[in-house]
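Have a look at the model first, then try each task before reading on.

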Amino acid sequence: MVQFSEEKMAKVREIIARYPEGKQKSALLPVLHLAQEVYGWLSSETMDYVASLLQIEPIEVYEVATFYSMYNLKPVGKYMFEVCQTGPCMISGSDAIIDYIKQRLGIGVGETTPDGMFTLKTVECLGACGYAPMMQMGKHYKEHLTPEKVDQIIEDCRKQAGQLN
Amino acid sequence: MGVKLLLEKAQVEGIRSYEVYRREGGYRAAEKALKTMAPDAVTEEVKKSGLRGRGGAGFPAGMKWSFLAKPEGIPRHLVCNADESEPGTFKDRYLMEFLPHLLIEGLLISSYALGSNATYIYIRGEYAWIPDILEQAIGEAKANGWLGKNILGTGFDCEIYVQRGGGAYICGEETALIESLEGKRGNPRIKPPFPAVKGVWDRPTVVNNVETLAAVVPIINMGGDEYAKIGVGRSTGTKLISACGNINKPGVFEIDMTISVEEFIYSDEYCGGIKNGKRLKACIPGGSSVPILPANLLLKTAKGETRYMNYESLSDGGFATGSMMGSGGFIVLDEDQCVVKNTYTLARFYRHESCGQCSPCREGTGWMEKILKNIDSGKGKMSDIDLLWDIQRKIEGNTICPLGDAAAWPVAAAIRHFRDEFEWHVKNPQECVTRNYGLAHYADPLEVVG
Amino acid sequence: MPEEKKLFKVTIDNITVEVEPGTTILNAARQIGGEVTPPAMCYYSKLKNSGGKCRTCLVEVAAGSTADPRPMPKLVASCRTTVMDGMIVKSITSERVLDARAGVVEFLLLNHPLDCPICDQAGECHLQDLSYEHGKEGTRYEFNRRTFKKHDLGDYIQLHMTRCILCYRCVFTADQLTAKRVHGVLDRGDHAEIATYIEKSLDNDFIGNVIDVCPVGALTDKTFRFKNRVWFTKPVDAHRDCSKCCGEVQLWMRGDEVFRVTARKDEWGEIKDSSKGSTGWICNECRFEKKEAKDWVIEGPTKVSRHSVISQGHYVNVVKPKETLPDVMGGRAPKLLMNIHNVSEVNRPDIELSKIDGPAHSDDFKK
């Protein structure tokens, strides 16, 4: 069952309080981010739960969650590599980096490694054009990517995951 | 060294913290505005400064403020547009990441001028770590009496909230941003009514870019007239340029708008020349939406005059031979780059980011992307080039919001200036996948290398 | 004494009309009527906030008003632009407008399956009318058309997403007529679609009205599906005592058989006001469950424009083209132009439509 912890509920209340009385729908995007942080992705149960928290219809949540590119509507790997491929990154060599990651992880774009560790996605401009090629991993950006740097990132992820288990 | 108004203190150790920012003269402008000036006097200074919106459209900020409706009993809001998503643009990120208090101070002064007691920063969702920085700064400002109730004993109340977007370029369009702030899909609204009359929650709203609002701080410090003396013509003050692509020193630079494009590209103070000793082929000077220019038209106008880094000079010649200042996203392409492929990735971007509300943009962007992909991969036909031209022409100006224009212009400019490169792709279907077309006749007229 | 309301003078294609302040250009043009009236695919006067999206109603404003006679630089959506006193508008007298409109038609048809021969909306489809009146022959689109995963909206309403032009009318209808909207526009850009996300049936008492507001064959009446072509049925006005709605409808009959029940439409294809004055939305019971003549008091035949396919019972002045497709397409040979079977999968591909004797009927596919 989907249910936020008391700590997350307090956060939800704080977010709702940012907006005028009766405009709690405005909290939808931040609360969806919060839900994704907790559950990793947004199942329809999670979205229905968010709808109930904000007293809106479930369809209003689906409409929003499917519009924005950051909400995962399917489970994803523990680490998601979102590599930018738009113009400025492309002219700085993003294609080669994407190919390298594909080969390194043995997966295609949009796929997850069988062990559930990595998902590879290509995305459009992330606003780090001066530090290209780059990708987003979780909350942070990994910039000036080279094959060596990609190797290091993958290794760090594996190490971190090992420690967590 | 040019004048630095925004980034002057960016390198000061610890400038992110309130103590250091304050010690370096921070919140002096806020104090001056709130204690010694009436709200309308603040607006008046911004008008006098000639500050133009730094988000891309370049609309005079003071004029925008003066349009704000002020009906009795209805709250008004200032919304800071931090949804920086225009390919090539990453200046607002730099400001927020390194000088959060500069933005907070600018927001405070502007909120005071506009009478906004609840001000929102709408930041693109991908900048996921920046809200923490901003919220920390907001907390510090509040703890020191710069936000909250009865600020400096003036009776003015102001809270600033940060909202993360969910990943959508279109939310940089102000009415889409407002919809998103209301927890809806980022569909731009049909105007009128304009946000100044009916914005967020149907209340009068002003939406300004991060850099615009930060610039209010030096304007109040030095006075609008002094600010207007920097720069040239209607390009007053300083502008942040985010430079990227095939240059030696990509990054964010503050320029006063009197330097030439040539100096900006080749001087060590700025881009430091083209990477790996290559030659300049083309440049998109103001973010991906503005027309791409071949080197010869970039460095000199069609009249043969030096082109400068300001609003007027960059658009000299109109779209036929000029471009735009836009958001200041300066994308440089060297001789190894393929204009067709670059245009294709941009078309793909606009197709991906179209909200899908109106038919020319929803259908036209995808069509252009497919044709460009064909041409880029050697499957194009000669007639495709004219077809592309006709599609972009039918999108431009006919859509609800400027995304249609933004998708059309790069395609139009690429065909206008690099038609031979498109034709070469069609005529050499095998070769074009393995080799670049090269420089042809539009290389930089300068013999400057590296 | 209340001051007499000042009317605004607006000139559209050289015809001047006086309208109340606040009237849109489109509604002013509708007061003139005829050809100068811009087509409207998404605007619906009975639905708040509708309009502005399809861009078929673009017009040129040659002079903004008497006070400020400057022209507007861009074409404007006439459905969302209000008139000013002394405004001069060009609709069919503007080359720019005709060109832009033809462009919009092409965009709207780009991914449309063109499966009119098996579409229940054919004959009363606004997209057919629009293409016929404002479009160009042929398409320049040579790629696969967009398809969608099929969604089931329940027993009454059939959704064909491939035909949808995203006018949002059905979303506004659900918002404004029902307490709880369960369908909406999901995803974005060229993948945006009308759906419920998780399969849900639409079963609010008034949700059937989405069928009447849909300008194309995206939302059709399941109880009428493949039963008959609209131009073979005769529309008659009828009413019954209904506790939920106005009960004033059109029955689409053949002999004594009631094939379909819809709300009554005006000349712009919108639902008319009922005799009680409010919009004549009808309830699901009247629409889907009262399918016998004895359920109704029949008032008489509905007046149908003599230009309509429905009043003729057939298409008039049909000219069969002699040229082959590549001839009229400048050498281009679009692949999917009429490949109905691949696109819609409704009928059995082994049945050749041209071999069916007379108009195709759903029975022909059951053999």
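**Exercise 1.** In this predicted model, find how far apart the centres of domain 1 of chain A and domain 2 of chain A are.

*Solution.* Start with the bounds: the domain assignment puts domain 1 of chain A at 6–67 and domain 2 at 79–164. Next, take the centres over C-alpha atoms; they are separated by 29 Å.

**Exercise 2.** Describe the side of chain B that touches chain A.

*Solution.* Begin with the contacts, counted when C-beta atoms placed from the backbone lie within 7 Å. By that criterion, 46 residues of chain B meet 36 residues of chain A. Then ask which elements of chain B give two or more residues to this side: they are β3 (159–164), α8 (174–181), β7 (238–245), β11 (329–334) and α15 (339–353). Of these, α15(B) supplies the largest share, with 6 residues.

**Exercise 3.** Work out how domain 1 of chain C and domain 2 of chain C are placed, and which residue classes domain 1 brings to their contact.

*Solution.* First come the bounds from the domain assignment of chain C: 8–103 for domain 1 and 111–312 for domain 2. The C-alpha centres of these two domains of chain C are 27 Å apart. Now count the contacts: 16 residues of domain 1 of chain C touch 19 residues of domain 2 of chain C. On the domain 1 side, the residues split into 7 nonpolar, 4 polar and 5 charged.

Conventions: Residues are numbered from 1 along each chain as its sequence is written. Chains are lettered from A and ligands numbered from 1 in the order in which they are written. This is a predicted model: local features need pLDDT of at least 70, side-chain atom pairs count only at pLDDT 80 or more; totals for chains, interfaces and linings use all residues. Domain bounds come from an automatic or database domain assignment. Two residues are in contact if their C-beta atoms, placed from the backbone, lie within 7 Å. Helices (H or I, at least four residues) and strands (E, at least two) are DSSP runs, numbered from the N terminus. Ala, Val, Leu, Ile, Met, Phe, Trp, Tyr, Cys and Pro count as nonpolar, Asp, Glu, Lys and Arg as charged, and the others, Gly among them, as polar.
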